[in-house]
Amino acid sequence: MATINFRIRGNSNKPTSIKIIFVIGSKNQLELKTGFSILPNDWSDEKKRPKQTKAENKNLSANLDKLKAFVFDKFNEDNANGILIDKYWLQNKINDCFGRVEKNDNGLLINHLQHIIDNANTRKIKGRAKLGISENRIKNLKTFKALLETYQSQIKKQIHFLDINKVFIDRLVNWLINTKRYSINYSGKVIDNLKTICLDADKNAIPINEYSKHIEGFSEANEDRYIVTLDFDELDKIQNVDLKNGAHENARKWILIGCEIGQRGNDLLSITKDNIRYKSGNMYIDLIQQKTGKSITIGIINQHIIDIIENDFPHKISTQKFNDYIKEVCKLAGITNLIEGKKMNPDTKRKELGKYQKCDLVTSHSFRRSFATNYYKKYQPLF
């Protein structure tokens, strides 16, 4: 015969844990905390329940009655099926009764993030036949992890997936934008990353807060963005400027190719002659985009670009060096008109809105935008 009672220990003025005493037969007695607590003066040892003197005690008593009925019901069901009834079984039933999930190391955000990084080469990515996360994505995940570790040090606690509710997100966004002074777009990407990791944890049977599935990212409104492009006249200036420096000459070739093929900086600088293909007398560049994993083909029709690729192919350089040389080449080409945009302040390490010379605002991503803008204007249908 099984019996269930509740009791507390101690007579201090501080809240004391209420324990469940589950007796099975004459020799098996299980005793665990229920997760509830009460002041000893509010407890009736005779009735083994809270004194019915105030509303919160009545609610507490109702929860204990609920737990007692739940444990008895599950005991009868599991005992009939030969399931071992021990303290671990009882702890699970207490959690199940009230929808609680015990926090453990697997549920720590940083731990799961590190697990993703450690197993990057074997992860299956949706929409890709090949296994593995790109090098850029791994780099981004490591940066994201470092940022979260900094935030953990600020709030002085480890982040558990079950902690990620609306209040947590609101506080994190406030820290990103107002304390760290990150841009709206970067802060939005951090929140998008967080949601992605939460959903991945959920797929791997790690309990998460239900709110995590409804996190909404954000970005600057289109009218708040400052897009820098190079038009055909400016590209002509770059093509014709007299350059004395070999590094500048190399960067010029990449600039002209980049504005012709419209690819991201990393994809552009990864192109070699092995990516070149000819068919029916036409030149094509075949590549696999690092960000999306998609295979694409770009036709080359600009004769000057064809000449560069066939006769004087540029050598590879780092993205950072490339972005430095871009600005220098554009300045030498006279692309120095003042425009509104955002530029990195070396003291604050943040981008600040202002009026700057256009050459100082051009980056490798400008080429992708230039390609789209220039050719949209050139081939826009007339209606």
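Axes in these legends are lines fitted to C-alpha atoms, for helices over the stretch in contact, and angles run from 0 to 180 degrees between N-to-C directions. The model is predicted, so local features need pLDDT of at least 70 and side-chain atom pairs count only at pLDDT 80 or more, while totals for chains, interfaces and linings use all residues. Residues are numbered from 1 along each chain as its sequence is written, and side-chain values use heavy atoms, with hydrogens and water left out.

**View 1. The packing of helix α3 with helix α6.** Helices (H or I, at least four residues) and strands (E, at least two) are DSSP runs, numbered from the N terminus. Helix α3, residues 109-118, packs with helix α6, residues 184-203, at an angle of about 85 degrees, and their axes are 11 Å apart. That makes α3 roughly perpendicular to α6, a term for angles of 65 to 115 degrees, where under 35 degrees counts as roughly parallel, over 145 as roughly antiparallel and the rest as oblique. In contact, which means heavy atoms within 4.5 Å, L109, H112, L113 and I116 of α3 meet L194, I197, D200 and A201 of α6. The residues of this contact of α3 with α6 divide into six nonpolar, one polar and one charged; Ala, Val, Leu, Ile, Met, Phe, Trp, Tyr, Cys and Pro count as nonpolar, Asp, Glu, Lys and Arg as charged, and the others, Gly among them, as polar.

**View 2. The packing of helix α4 with helix α5.** The angle between α4 and α5 is about 105 degrees, and their axes are 12 Å apart. The two helices α4 and α5 are therefore roughly perpendicular to each other. From α4 the contact takes in L147, T150, Y151 and Q154, and from α5 it takes in F168, R171, L172, W175 and L176. The residues of the contact of α4 with α5 comprise six nonpolar, two polar and one charged.

**View 3. Aromatic pairs.** Ten aromatic pairs are found when the whole structure is searched; rings of Phe, Tyr and Trp (its six-membered ring) pair if their centres lie within 6.5 Å, and planes under 30 degrees apart count as stacked, over 60 as edge-to-face and the rest as tilted. The rings of Y151 and W175 form a tilted pair, because their centres are 4.9 Å apart and their planes stand at 50 degrees. This pair links distant parts of the chain, with Y151 in helix α4 (residues 135-155) and W175 in helix α5 (residues 166-179), 24 residues apart. Y151 is buried at a relative accessible area of 5%, and W175 is buried at 6%, where buried means under 20% relative accessible area, exposed over 50% and partly exposed in between (1.4 Å probe, protein chains only). F232 and Y375 form an edge-to-face pair, 5.6 Å centre to centre with 85 degrees between the planes. F232 lies in helix α7 (residues 232-240) and Y375 in helix α12 (residues 365-379), so this pair ties together parts that are 143 residues apart in sequence. F232 is partly exposed at 34% relative accessibility, whereas Y375 is buried at 15%.

View 4. H248 lies in helix α8, residues 246-261, and is buried with a relative accessible area of 11%. The side chains of H248 and E328 are joined by a polar contact of 2.6 Å; such a contact is a pair of N or O atoms within 3.5 Å, and within protein one must be able to donate a hydrogen and the other to accept it, while residues adjacent in sequence count only if both atoms are side-chain atoms. K253 also has its place in helix α8, and at 9% relative accessibility K253 counts as buried. The side chain of K253 has a polar contact of 2.8 Å with that of D312, and, leaving aside neighbours within four places in sequence, K253 is in contact with I308, D312 and P314.

View 5. In helix α2, residues 87-97, the buried residues include W89, L90, K93 and I94. The buried residues of α2 pack against β2 (16-24), β3 (28-38) and α1 (55-80). The N-terminal end of α2 is capped by D86, a side-chain oxygen of which lies 3.2 Å from the backbone nitrogen of Y88. Following α2 comes G99, whose phi is positive, near 65 degrees.
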